[in-house]
Each structure stands twice: as C-alpha cells, then as structure tokens.
Amino acid sequence: MFWYVLTGIFAGAMSGMLGLGGGIFVVPALAALFSYNPDISIELHMRMAIGTSLAIMIVTLASSLYAHHKRRTVNWLMVKTIFPGLFVGIMIGMLLVYVLPSSFLSRIFSVFLLFLIVHMLFFEHDSPEEYSSKTISPALITGFSALIGVLSGLLGV
C-alpha cells in the first residue's frame, strides 16, 4: 500500500511541476508495481495499469470540471463539439487494450513517451494567442478528438 501512495504523491507532484498529465507517471509506475504482485498475471500488468490510470482520471476530471465550471471557464460549445469523437476514440482505444498483448502495450507506451520527450525538447511551443484567430472545421475537430481519444484509451493518459 505504501508504494501505491508514494506513486500517487510522485505522479501528482511531477504533473504539477511539469504541467503534464499524471498518467504519464502513473501507468509505468503501476505496471512496475503490479509486476511484483504474484496474484497478477504478467499479461495483465499493463492492462491493469492503463485501466487504473483511466479510473483515476475520472475522479480528477470530475473535480476539475466542477471547479472550472464554477469559475465559468468551460467552453461548453467546444465540449459538445469534441465529446462525440473523444468518446468513440476512447472506446476504440479501450478495445485495443483488450486485444493487444501487454508487451506490445508497453512498447506503444514507450514510443509515446519518447515522442513526448522529443517534442518537449526540440519543438517550439506556440502561444495560445497565435491560434485564437484561426477557425477549424468541426469535422477536423471531431477527427482529432477521436484520435486523441484512441490514444487516451490505449495509453491511459
């Protein structure tokens, strides 16, 4: 139990300091912790880590959404636009977790982390003001939200 609490504290602190989602830290840490539990099959380590991370996100999403809604900082029109694609994408991602081998899920997660590191180190980050005047079609938004949903459901982030 101690290691799970320590993992949560570490993930929360790192995501707060770096501005990254906690799943980036939670998934590999839980997969490692689950590997020491003899009651959990090796084929379930990554699946359980991803599923647990997604379950944690439901709680943090609900509390964050409530806080932002109280401050009137939620663009509900954008939520309505993004949600259908995101929902379908998450369902597809979760189905992939069910059918893909755990070792392959680990590799996918590793590639995702490598991509994230390269992006953070070598690419410039535009300011939000640069995007404020651009219009994006709802179809493109739905497509990208579905892709993000697939990745979220598949990686637990």
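I began with the contacts in the protein that have a separation of 6 or more, and 73% of them join residues 24 or more positions apart. I note here that the model is predicted.

**Entry 1. Overall layout.** I looked up the secondary structure and found six helices and zero strands. Read from the N terminus on, the order of elements is α-α-α-α-α-α. I took the box along the principal axes, and the C-alpha atoms fill roughly 55 × 35 × 30 Å. I also checked burial across the protein: of its 157 residues, 25% are buried.

**Entry 2. H1 against H2.** I wanted the geometry of helix H1, residues 2-18, against helix H2, residues 23-35. The two pack at an angle of about 160 degrees, and their axes are 9 Å apart. H1 is therefore roughly antiparallel to H2, since angles over 145 degrees count that way. I recorded the crossing of H1 and H2 as right-handed.

Next I listed who meets whom. From H1 the residues are Trp3, Tyr4, Thr7, Phe10, Ala11, Met14, Ser15 and Leu18. From H2 they are Phe25, Val26, Ala29, Leu30, Leu33 and Phe34. Sorted by class, this contact has twelve nonpolar residues, two polar ones and no charged ones.

**Entry 3. H2 against H5.** I turned to the packing of H2 with H5, where the angle is about 145 degrees and the axes are 12 Å apart. The crossing of H2 and H5 is left-handed. On the H2 side I found Gly23, Ile24, Val27 and Pro28, which meet Phe109, Phe112, Leu113 and Leu116 of H5. The residues of this contact divide into seven nonpolar, one polar and no charged.

**Entry 4. The largest nonpolar core.** Which members of the largest nonpolar core touch the most other members? In this set of 22 residues I noted Val27, Leu30, Met46, Ala49, Ile50 and Leu105. The elements that give two or more residues to the core are H1, H2, helix H3 (45-70), helix H5 (102-122) and helix H6 (138-155). H2 supplies the largest share, eight residues.

I then followed Ala49 on its own. Not counting residues up to four places away in sequence, Ala49 touches Val27, Leu30, Ala31 and Phe34. Two of these partners, Val27 and Leu30, were also named above among the core residues that touch the most other members.

**Entry 5. Ser53.** I placed Ser53 in helix H3. Is Ser53 buried or exposed? Its relative accessible area is 2%, so Ser53 is buried. With residues up to four places away in sequence left out, I found Ser53 touching Gly23, Val26, Val27 and Gly156. Of these, Gly23 and Val27 also belong to the H2 side of the contact with H5, and Val26 to the H2 side of the contact with H1.

**Entry 6. Leu54.** Leu54 also lies in helix H3. I read 17% relative accessibility for Leu54, so this residue counts as buried, the cut-off being under 20%. Its contacts, leaving aside neighbours within four places in sequence, are Met94, Ser152, Gly153 and Gly156. I checked one of these, Ser152, for distance: Ser152 and Leu54 are 98 residues apart along the chain, and their C-alpha atoms are separated by 8.4 Å.

**Entry 7. Val150.** I moved on to Val150, whose place is in helix H6. Val150 has a relative accessible area of 19%, so I logged this residue as buried. Which residues is Val150 in contact with, leaving aside its neighbours within four places in sequence? I found Gly89, Ile90, Ile92, Gly93 and Leu96. For Ile90 I also took the spacing: Val150 and Ile90 are 60 residues apart in sequence and 4.9 Å apart in space, C-alpha to C-alpha.

**Entry 8. Arg72.** Last I looked at backbone angles. Arg72 has a positive phi of about 60 degrees, although it is not a glycine. I located Arg72 in the loop between H3 and helix H4 (76-99). Its relative accessibility is 77%, so Arg72 counts as exposed.

Terms used: Residues numbered from 1 in each chain as written. Predicted model: local features only at pLDDT ≥ 70, side-chain atom pairs only at ≥ 80, totals over all residues. Heavy atoms only, no water. Axes fitted to C-alpha atoms, helices over the stretch in contact; angles between N-to-C directions. Helix = DSSP H or I, 4+ residues; strand = E, 2+ residues; numbered from the N terminus. Parallel < 35°, antiparallel > 145°, perpendicular 65-115°, else oblique. Left-handed = near helix turned anticlockwise from the far one by under 90°. Contact = heavy atoms within 4.5 Å. Nonpolar A, V, L, I, M, F, W, Y, C, P; charged D, E, K, R; others polar. Core = buried A, V, L, I, M, F, W, Y, C linked by side-chain atoms within 4.5 Å. Buried < 20%, exposed > 50% of the residue type's maximum accessible area, 1.4 Å probe, protein only.
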